[in-house]
Amino acid sequence: MEEAIVLYPTPAISHLISMVELGKLIVSYNSSTSIHILILEAPYNAGSTSSYIATVSATFPSIKFHRLPTIVLPSTDTKHYESLTFEVIRLSNHNVHNTLLSISKTYAINAFIMDFFCAHSLSVATELNIPGYFFFTTGVSFLATFLNFPSIHQNTTKSFKDLNTNIDVPGVPSFPASYMPLPMLDRNDKAYDFFLDSSKCFPKSAGIIVNSFELLEPKAIKAILDGLCIPDSTTPPLSCIGPLIATSNAANEIVPDCLTWLDSQPSKSVIFLCFGSLGLFSKEQLSEIAIGLEKSGRRFLWVFRNPPSNHQKLAISAQSDPDLKSLLPDGFLARTKQRGLVVKLWVPQVAVLNHDSVGGFVTHCGWNSVLEAVCAGVPLITWPLYAEQKFNRVLLVEEIKIALPINWSENQFVTALEVEKRVSELMESESGNSVRERVIALKEAAAEALTEGGSSLIALSKLTDSWRRE
């Protein structure tokens with residue numbers, strides 16, 4: 001019977017892409033293994049993944065997708081994507097059970113690898129006697145914090161939002177309690193309970209796989225391996241198999257206009273601004289960014305999205321083209337025409353970051369974007385917006401030292417002066433040169449990790465060997 005690995009990502013496209021890259025890596029190392037990915041419909045408007053899935057299916061026939069039946073949740077006033085995601089995954093366990101049984105009729109399932117949002121499904125793997133693993137799609141440092149979450153919870157009766165202190169986790173730089181992800185800030189919030197329950201599942205797993213590599217986060221890795229992050233339980237095996245970066249496989253793709261524009265710019269002269277699919281700003285904030293960029297005098301490539309609409313709570317902004325003239329300061333486009341390019345909605349981020357003209361990246365600190373910048377050797381300006389991104393900001397600035405921070409007011413509003421200052425600092429100052437040298441060194445380390453004898457391939461080899469023995 002052919003061997004198989006089943007992957008179960010959360011519906012968010014960034015998590016799906018990371019899981020697919022993990023599947024590709026496993027197949028490249030063991031071509032006789034087939035990959036089966038369970039697809040769950042998002043309980044909110046997350047945008048379509050159909051074209052992406054179709055492309056992967058056509059390019060990698062050993063990767064098969066299984067769509068789970070759609071779960072319709074009752075109306076809710078929750079503020080969090082995460083709460084809805086946890087709930088729909090919990091209600092899908094019966095469908096996961098049936099799909100695993102169906103796959104097992106034709107394949108020998110060696111492992112069931114879940115996104116950390118899917119922790120509630122570990123019980124399904126246990127019931128079917130399939131080794132259950134977690135794939136943590138952000139860094140090892142936040143994993144250390146997540147594993148330590150039950151201990152942090154026990155040591156205080158206050159919510160993180162009410163703690164005016166820093167959180168101290170073994171192997172992790174100290175960070176403000178308010179930098180915890182939004183759904184974890186209020187211990188009376190249902191989302192808080194979901195995250196807490198999820199963190200308690202990790203010690204029960206057969207292992208944890210992380211999209212990172214040894215030289216990027218050595219302190220956090222050591223703390224986890226030494227058992228310091230789960231003091232009251234055995235720590236599962238940790239496998240750092242990254243960096244996993246999604247790249248295009250199409251040889252005949254049309255070259256986007258932004259890449260053609262970059263071809264005409266001097267080496268390392270362009271600051272790139274992109275904030276992910278959920279990174280939306282008010283019209284006032286967009287105006288401040290524009291003014292700051294203009295006053296900096298720097299060349300820029302800015303991925304521009306519509307502000308969130310008033311009725312928009314749990315949906316990605318409609319993917320309609322923004323009206324640049326109405327949203328940007330009068331005359332901005334004309335005045336910056338010779339040195340700036342504003343692109344609506346999307347660019348091929350990996351290709352942009354790897355272009356010789358790009359010398360800096362203003363980012364929301366999503367982990368995929370961080371790894372893409374590291375692999376391209378591009379220094380960062382951190383502008384965190386949601387999820388664990390404020391935590392990542394501390395890590396990138398203070399621990400890994402590949403970024404400069406954007407500073408904001410109490411309501412997280414960033415002034416044009418701050419944009420101008422940080423862009424200029426990154427592109428031409430001693431501190432900017434320092435983070436640039438550091439990220440170039442890590443670019444080389446990232447490449448080495450995925451070469452023969454590199455730490456990530458060794459970790460992958462040990463992992464796949466363990467599946468064969470089980």
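Guide: A nonpolar core is a set of buried Ala, Val, Leu, Ile, Met, Phe, Trp, Tyr and Cys residues joined through side-chain atoms within 4.5 Å. With that in hand, welcome to this predicted model.

Visitor: Which residues touch the most other members of the largest nonpolar core?
Guide: They are Tyr8, Phe112, Leu143, Phe160, Phe175 and Phe202, in a core of 65 residues. Helix α6 (residues 140-147) gives the largest share, six residues. Another core lies apart from it, with 38 residues, including Leu259, Trp261, Leu371 and Ile402.

Visitor: What does Phe160 touch, leaving out residues up to four places away in sequence?
Guide: Its partners are Phe149, Ile152, Ile167, Ala177, Ser178, Met180, Met184, Leu185 and Tyr192. Contact requires heavy atoms within 4.5 Å.

Visitor: How do you know whether His94 is buried or exposed?
Guide: The cut-off for exposed is over 50% relative accessible area. His94 has 55%, so it counts as exposed. You will find His94 in helix α4 (residues 93-104).

Visitor: And what about Asn211, buried or exposed?
Guide: Buried means under 20%, and Asn211 has 0% relative accessibility, so it counts as buried. Asn211 sits in the loop between β8 (207-210) and α9 (218-225). Apart from neighbours within four places in sequence, Asn211 contacts Ser18, Phe135, Phe136, Thr138, Gly242, Pro243, Leu244, Trp367, Asn368 and Leu371.

Visitor: What makes the pair formed by the side chain of Asn211 and the backbone nitrogen of Leu244 a polar contact?
Guide: A polar contact needs N or O atoms within 3.5 Å, one able to donate a hydrogen and the other to accept it. A polar atom of the Asn211 side chain lies 2.7 Å from the Leu244 backbone nitrogen, so the distance falls within that limit.

Visitor: How do you know that strands β5 and β8 pair?
Guide: Two strands pair if there are at least two bridges between them. Strand β5 (residues 132-136) has four bridges to β8, so the two count as paired, and they run parallel. Phe136 stands opposite Val210 there. On to β9: three bridges join β8 to β9, also parallel, with Ile208 opposite Leu238.

Visitor: Which way do the residues of β8 point?
Guide: Gly207 and Ile209 point one way, Ile208 and Val210 the other way, and all are buried. In a regular strand the side chains alternate between the two faces of the sheet.

Visitor: Why are β3 and β9 called edge strands?
Guide: The open sheet of seven strands has the order β3-β2-β1-β4-β5-β8-β9, with parallel pairing. Both β3 (63-67) and β9 (238-240) have a single partner strand, so one side of each has no neighbour in the sheet. From one strand to the next, the twist averages 25°.

Visitor: What pairs with β3, and over how many bridges?
Guide: Strand β2 (residues 34-39) does, in the parallel sense, over five bridges. Ile35 has Ile63 as its bridge partner. Helix α2 (residues 50-59) packs on this sheet, touching β2 and β3, and its direction makes about 145° with that of β3.

Visitor: What makes β11 largely enclosed?
Guide: Five of the six residues of β11 (residues 299-304) are buried, so the rest of the structure largely encloses the strand. On one side, β10 (residues 270-274) pairs with β11 in parallel over four bridges; five bridges join β11 to β12, again in parallel. Helix α11 (residues 283-296) lies across β10 and β11, at about 165° to β11.

Visitor: In what order do the strands of that open sheet stand?
Guide: The six strands run β12-β11-β10-β13-β14-β15, with parallel pairing. Here β12 (340-344) and β15 (403-405) each have a single partner strand, so they stand at the edges.

Visitor: Where is the pLDDT below 50?
Guide: For the chain, the mean pLDDT is 92, and 95% of residues reach 70 or more. Over residues 311-318, though, the pLDDT is below 50; this stretch has 21 contacts in the model beyond near neighbours in sequence. Where pLDDT is low, the predicted coordinates should not be read in detail.

Key:
Residues are numbered from 1 along each chain as its sequence is written. This is a predicted model: local features need pLDDT of at least 70, side-chain atom pairs count only at pLDDT 80 or more; totals for chains, interfaces and linings use all residues. Side-chain values use heavy atoms; hydrogens and water are left out. Buried means under 20% relative accessible area, exposed over 50%, partly exposed in between (1.4 Å probe, protein chains only). Axes are lines fitted to C-alpha atoms, for helices over the stretch in contact, and angles run from 0 to 180 degrees between N-to-C directions. pLDDT is the predictor's confidence in each residue, from 0 to 100.
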